[in-house]
Amino acid sequence: SFEPEGESRPIRAPQVLIVKTSSMGDVVHALPLASDIRRRHPQASIDWLVEGRHLGIVELVTILDRAVTLEGRSLAAWADVIRRCRRVSYDVALDLQGLMKSAVLARASGAARVIGFSIWHLREKTARPFYSETPSERSDGSHVIRKNLRLLRTLGVTDDRIVFPLADVRATVPLSVISNPRAPEIRPLMTRSSPGARLLTDTWV
């Protein structure tokens with residue numbers, strides 16, 4: 001259950017909001033957390049709040065129910081995304097960005113529980129007051145994927161398997177681009193779903 005201790009509501013599928021608005025590498029690092037939630041709570045509704053310019057990668061995540069897009073930086077865009085989030089009545093919002101912006105969005109979503117990193121892991125320390133809960137561990141030099149997964153312990157999820165639930169998309173690159181010596185190096189994006197597979201983002205870390 002995602003309910004805080006001492007509280008109870010009618011039994012229903014948990015409503016989860018993941019807040020990871022950017023960038024592509026950060027979004028990919030957060031995928032194992034979403035996968036672990038789905039494995040522990042198959043019936044859960046899992047939404048992802050992301051900036052519109054990064055929607056493409058989130059749409060490839062096979063275990064999500066919905067992408068909630070933030071379209072721009074204007075007050076109107078913020079008001080719109082907050083209004084859409086509040087219609088859902090999330091049980092928990094997980095801020096994986098660690099910024100003031102993402103923390104405010106997680107809190108403004110109206111989620112019953114707002115979970116973020118401990119102050120030692122935050123990119124912006126001012127984000128801390130917006131969380132209702134944080135893990136107690138200090139930094140131990142772990143990869144960011146492991147740090148993300150530790151947030152799930154506050155929800156009773158201890159499965160640390162690393163899985164990237166991405167759709168298998170085959171991209172075609174024109175021969176003229178590959179043969180152009182001035183073109184940027186092209187590295188295939190290898191997606192694997194087995195727990196022991198090489199991390200998708202090895203070349204980005």
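Me: What does Ser 89 count as at 41% relative accessibility?
Reply: The model is predicted: local features need pLDDT of at least 70, side-chain atom pairs count only at pLDDT 80 or more, and totals for chains, interfaces and linings use all residues. Residues are numbered from 1 along each chain as its sequence is written, and side-chain values use heavy atoms, leaving out hydrogens and water. Buried means under 20% relative accessible area, exposed over 50%, and partly exposed in between (1.4 Å probe, protein chains only). Since its relative accessibility is 41%, Ser 89 counts as partly exposed.

Me: What is the phi of Ser 89 near?
Reply: Ser 89 is in the loop that lies between helix 4 and strand 4; helices (H or I, at least four residues) and strands (E, at least two) are DSSP runs, numbered from the N terminus. Most residues other than glycine have a negative phi. Ser 89 is not glycine, yet its phi is positive, near 60 degrees.

Me: In what order do the elements of the protein run from the N terminus on?
Reply: The protein has seven helices and five strands. Starting at the N terminus, their order is β-α-α-β-α-β-α-β-α-β-α-α.

Me: What percentage of the contacts between residues at least 6 apart in sequence join residues at least 24 apart?
Reply: Contact means heavy atoms within 4.5 Å. Of the contacts between residues at least 6 apart in sequence, those joining residues at least 24 apart make up 58%.

Me: How far apart are the end C-alpha atoms of helix 4?
Reply: The expected span of a helix is 1.5 Å times one less than its number of residues. For the 12 residues of helix 4 (residues 75-86) this should give 16 Å. The distance between its end C-alpha atoms agrees, at 16 Å.

Me: What arc do the buried residues of helix 4 cover around the axis?
Reply: Ala 77, Trp 78, Val 81, Ile 82, Arg 84 and Cys 85 are the buried residues of helix 4. The arc is that of the directions from the helix axis to the C-beta atoms. These residues lie on the same side of helix 4, because their arc is only 160 degrees.

Me: Which elements do the buried residues of helix 4 pack against?
Reply: Leu 75, Ala 76 and Arg 86 are exposed, on the other side of helix 4. The buried residues pack against strand 1 (15-19), strand 2 (45-51), strand 3 (66-70) and helix 5 (100-108).

Me: Is Asp 47 buried or exposed?
Reply: Asp 47 belongs to strand 2. Leaving aside residues up to four places away in sequence, Asp 47 touches several residues, including Val 16, Ile 18, Arg 66 and Tyr 90. Its relative accessible area is 2%, so Asp 47 is buried.

Me: At roughly what angle do the axes of helix 2 and helix 6 cross?
Reply: Axes are lines fitted to C-alpha atoms, for helices over the stretch in contact, and angles run from 0 to 180 degrees between N-to-C directions. The axes of helix 2 (residues 31-40) and helix 6 (residues 144-151) come within 8 Å. Pro 32, Leu 33 and Asp 36 of helix 2 make the contact with Ile 145, Asn 148 and Leu 149 of helix 6. The two axes cross at roughly 35 degrees.

Me: What is omega of the cis peptide bond that joins Ser 22 and Ser 23?
Reply: Ser 23 is part of the loop between strand 1 and helix 1 (24-29). Most peptide bonds are trans. The bond joining Ser 22 and Ser 23 is cis, with omega about -20 degrees.
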